[in-house]
Structure formats: structure tokens, C-alpha cells
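Please consult the sequence and the structure shown below alongside the text.

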Amino acid sequence: MGVAEDSEPPLKRVKGPLEESKSLSEDHSTTKFVSCSLGDQMARPLTSQGDGETIGSQGVIRKAEFIKIITRALYSLGYDKSGALLEEESGIPLHSSMVNLFMEQVTNGKWHDSVATLRMIGLSDEIMKSVSFLILEQKFLELLKMEKVAAALDTLRNEIVPLYVNLDRVHKLASCIISPSQYIRLGISGQDTEGTKG
């Protein structure tokens, strides 16, 4: 009915000044389009609000948390150098020095030190017991793997059981001492660890 058919959605059409629209209404064959790129919107830098602690047009994004989210994403995608560089350039570490020390101790099999460091991090008692259980369970399994049955039994009796966490799992761990096939059924791989160091 005298209206030009547009292949572009209405938001991508350009509307001109009032005089142009009158002349365009007489000439239906003329239509202007604008290409809109999300890249232009996304590339815009986030503006800091006041104290520099928040960013974004609404000022609701905390800068430190935003940096940590990006850093965590970089590490999870395997971009370790980029994550480390972002931490260095921004001056905002992903983890506190205490948490970094704890992770290093766990990775190196320093069980006693890692449990001591865990206590200094300041977690709730319930979380502290659960994490300690996982650390000591790993210590127990590594001792068994190295065929240090007496040390494994000592860890089970004197360190794991007093936590009163996951007693069903404690019973399964105890059965590993009696039956090596249970050790395999628990899904323990000999390639997971390098050995106990502390």
C-alpha cells in the first residue's frame, strides 16, 4: 500500500529530520539503513564513579570484584599468563597471600602445614572440618599408596576420625587398609599425586 518493504528490523533504520521525513513520504523508494554493531557498544571503556572503587554507567560494579571475575575466567580457560599479568597490572590478586600459601602447601603434599594454614584463613568451623577431612583423606590415601600402612592407620585414627565428618566415608577408608580392592573401588588413581611430604 505505498509503503516500502524493509528487510532490516525497525531498530536498524535511520530516521532523518522532520523535513527529510516529509520528502521521504512522497518518495517511497528511498530508504536508509544503518548497520549497528554490538562491538561498538562493547568496546566502550567502563567509566569510574567517584572514588574509583565502582565502575560502569550505573556505578554498581565493584572494580576489584570485576577484575577478579575476569582473572578467574582467564585461568579457567587456560590463559594462565594473561591471568597472572592482569593480577600484576591491576594490583588486585585473585586470592589472598594466605590462600595462595594454602594452595601451594596442598599441591606439595604438606598436609600438616596446610591444615595449620587453613585454621588461619578464618573459615566457619563446619567448613574448616570438611576441608580438613578432604586434606587428611588425601594424606591417608597417599600413605597407603606408598605402603605406609601404620602411618595411614595413625592418620585415620588420630586425625580423621576426631573430626566426626562423613563417617560413612571414614568406614570406606578403613576398609582400604583391610582390602586393597576397596582402594581401587573408591576410584583412587596412582597418578593423582606425587607423595606425602609433610
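Thr-71 touches Gly-83, Leu-86, Glu-87 and Leu-94, leaving aside residues up to four places away in sequence; contact denotes heavy atoms within 4.5 Å. The model is a predicted one, in which local features need pLDDT of at least 70, side-chain atom pairs count only at pLDDT 80 or more, and totals for chains, interfaces and linings use all residues. Residues are numbered from 1 along each chain as its sequence is written, and side-chain values use heavy atoms, with hydrogens and water left out.

**Position and burial of Thr-71**

- Thr-71 is placed in helix H3, residues 63-76; helices (H or I, at least four residues) and strands (E, at least two) are DSSP runs numbered from the N terminus.
- The relative accessible area of Thr-71 is 1%, so this residue is buried.
- The class "buried" stands for under 20% relative accessible area, "exposed" for over 50%, and "partly exposed" for values in between (1.4 Å probe, protein chains only).

**Salt bridges**

- The count of salt bridges comes to 4, the criterion being a side-chain nitrogen of Lys or Arg within 4 Å of a carboxyl oxygen of Asp or Glu.
- Side chains of opposite charge can pair when their charged atoms come close.
- One of these pairs joins Glu-137 and Arg-169, whose closest N and O atoms are 2.4 Å apart.
- That pair links distant parts of the chain, with Glu-137 in helix H7 (residues 125-145) and Arg-169 in helix H9 (residues 167-178), 32 residues apart.
- Glu-137 is buried at 9% relative accessible area, whereas Arg-169 is partly exposed at 22%.
- Within helix H9, Lys-172 and Asp-168 lie 4 residues apart, about one turn of the helix, and their side chains form a salt bridge with an N to O distance of 3.8 Å.
- Both partners are partly exposed: Lys-172 has a relative accessible area of 36%, and Asp-168 has 49%.
- Arg-62 pairs with Glu-65 in a further salt bridge, the closest N and O atoms being 3.5 Å apart.
- Arg-62 is exposed at 52% relative accessible area, while Glu-65 is partly exposed at 34%.

**Nonpolar surface patch**

- Val-60, Ile-61, Phe-66 and Ile-70 make a nonpolar surface patch of about 310 Å².
- Patches consist of residues with over 30% relative accessible area and no salt bridge, where like charges are joined within 9 Å and nonpolar side chains (Val, Leu, Ile, Met, Phe, Trp, Tyr) within 5 Å.
- Accessible areas come from the Shrake-Rupley method with a 1.4 Å probe; for residues, only the protein chains shown count as cover.
- Ile-61 belongs to strand E3, residues 61-62, and is partly exposed at 31% relative accessibility.
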